[in-house]
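Subject: Structure for your review

Dear colleague,

Please find below the structure that I am handing over to you.

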Amino acid sequence: IPMLMEISLMEIPNRSVGLGVSTREQAKSLAAYADGVIVGSAFIKLLLEAKSEQEGLDAISHLAKELALGVREGGEIALEAGLGFFTENKRVFGLA
């Protein structure tokens with residue numbers, strides 16, 4: 001997180017971070033310092049562990065919604081902390 005704090009102070013547009021993000025709390029923490037959160041392995045893991053393709057897709061949908069909430073919460077924390085260069089347009093990026 002210290003490196004992210006340093007990078008977040010630079011006015012670089014579209015900073016996105018992905019470091020094994022798999023929970024709402026992790027997304028929230030990262031979103032306080034970045035414009036986007038990248039998720040990949042957590043989605044793949046859900047697909048591989050599912051009993052059916054539909055069950056995997058449903059699990060991914062649920063996780064994506066949770067991560068998106070975390071990202072929005074992290075953005076709100078940044079705005080409340082006076083980090084005004086953060087926008088409300090934070091995103092969760094996943095594998096396409």
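I begin with a pair of charged side chains: R24 and E73 meet in a salt bridge, with N and O 2.4 Å apart. The term denotes a side-chain nitrogen of Lys or Arg within 4 Å of a carboxyl oxygen of Asp or Glu. This pair links distant parts of the chain, as R24 lies in helix 2 and E73 in helix 4, 49 residues apart. Salt bridges with shared partners join R24, E66 and E73 into one network. In the second pairing, E66 forms a salt bridge with R24, and the closest N and O atoms are 3.4 Å apart. R24 counts as partly exposed because its relative accessibility is 27%; the classes are buried (under 20% relative accessible area), exposed (over 50%) and partly exposed in between, with a 1.4 Å probe and protein chains only.

Please note that this is a predicted model, in which local features need pLDDT of at least 70 and side-chain atom pairs count only at pLDDT 80 or more, while totals for chains, interfaces and linings use all residues. Residues are numbered from 1 along each chain as its sequence is written, and side-chain values use heavy atoms, with hydrogens and water left out.

As to the overall fold, the protein has four helices and three strands, in the order α-β-α-β-α-α-β along the sequence. Helices (H or I, at least four residues) and strands (E, at least two) are DSSP runs numbered from the N terminus. Of the 96 residues, 31% are buried.

Which residues of helix 2 are buried? They are A27, L30 and A31. Seen down the axis of helix 2, its buried residues fall within an arc of 95 degrees, so they line one face of the helix; the arc is taken from the directions from the helix axis to the C-beta atoms.

Finally, L48 is placed in helix 3. L48 counts as exposed because its relative accessibility is 69%.

Yours sincerely
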